[in-house]
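Here are my notes on the model you sent over. Have it open while you go through the points.

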Amino acid sequence: MRLAALLMTMLTAFAGTATADVDERVVGGDRASIADHPWVVYVTDAAGNQFCGGTLVAPTKVVTAAHCATTRTPRNTRVVLGREDRKSGEGVVARLDSIWVHPDYVSADQGSDVAVLTLRSPVDYTPLPLAHASDDVLYEAGTSGLVLGWGRTSEQGSASRYLLSATVPVTSDEYCGAAYPQYDPDEMTCAGYDNGGVDTCQGDSGGPFVAGGKLIGVTSWGEGCAREGKPGVYSKIAAYAEVIEDQLAA
Ligand code: 4AZ
């Protein structure tokens with residue numbers, strides 16, 4: 001038992017040094033394995049250029065941000081699943097049947113920044129369950145969540161070739177309200193450290209914020225990336241679970 005635990009610790013430590021590029025900072029993140037997060041996807045144009053993230057929540061349904069979807073059509077948009085390295089050919093490229101954008105969506109900082117992409121055919125990756133109103137404990141300040149994506153690794157930097165993830169704590173409503181006058185605790189949740197340093201950034205939008213084995217948020221907006229006192233803002237999935245589930249049945 002103790003030997004097994006020691007071996008696990010050594011393996012984990014080795015995996016950490018093997019995959020974490022010191023310069024690779026999502027911002028302040030580390031390499032993540034797609035096998036461990038089979039529901040994380042990215043969204044591209046027809047030429048394969050990645051512009052957002054997303055989360056598989058049913059065999060034909062991907063949740064992303066409304067601001068990733070408003071200018072798109074099913075014909076010119078693709079979802080890439082099972083591909084950790086954007087330069088590899090692994091996984092599948094799925095075509096879309098339809099796009100639903102929350103009807104109240106105006107701009108990310110006004111809330112309702114959620115959309116559902118329906119794939120033409122079911123895919124064989126494990127979906128992530130949605131958080132619901134009864135999961136309010138997951139939104140308490142201090143809850144550790146995981147953000148994932150292929151977005152920029154610094155505010156002015158370039159996007160990541162590989163899937164990155166980072167752990168960020170949910171902030172209090174007071175803290176986020178002080179950071180952003182537009183913050184609406186009923187529709188948004190914020191995450192980040194007081195001193196910044198770890199955050200989602202451009203290109204991570206639409207991707208998952210995960211806690212308790214559920215999708216609790218969708219990467220939405222923020223002032224810059226990883227700035228002190230400026231947490232990342234996520235669409236609060238528990239507030240939209242019903243309207244999203246209507247789309248899963250559609
Ligand atoms: C963006 O532009 C974006 N730091 C995503 C996340 C954050 C800021 C901007 C949060 O897609």
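**Notes on the barrel and one buried threonine**

1. Let's start with β5 (residues 77–81) and β6 (residues 92–101): these strands run antiparallel and are joined by four bridges. Leu 81 sits opposite Val 92 of β6. Strands here are DSSP E runs of at least two residues and helices H or I runs of at least four, numbered from the N terminus; two strands pair if DSSP finds at least two bridges between them.

2. Before going on, the ground rules: this is a predicted model, with local features needing pLDDT of at least 70 and side-chain atom pairs pLDDT 80 or more, while totals for chains, interfaces and linings use all residues. Residues count from 1 along each chain as its sequence is written, and side-chain values use heavy atoms, leaving out hydrogens and water.

3. Zooming out, six strands close into a barrel, ordered β2-β3-β4-β7-β6-β5, with antiparallel pairing.

4. Now Thr 64, which belongs to strand β4 (residues 61–64). Thr 64 is buried, at 1% relative accessible area (buried is under 20%, exposed over 50%, partly exposed in between, with a 1.4 Å probe and protein chains only). Beyond four places in sequence, the contacts of Thr 64 include Val 43, Cys 52, Asp 113, Leu 117 and Val 218 (contact is heavy atoms within 4.5 Å). The Thr 64 side chain also reaches the backbone oxygen of Gly 53, at 2.8 Å.

5. Finally, the span 26–249 is 11% helix and 33% strand, and its end C-alpha atoms are 32 Å apart.

Definitions and conventions. Polar contact = N/O pair within 3.5 Å; in protein donor to acceptor, adjacent residues only side chain to side chain.
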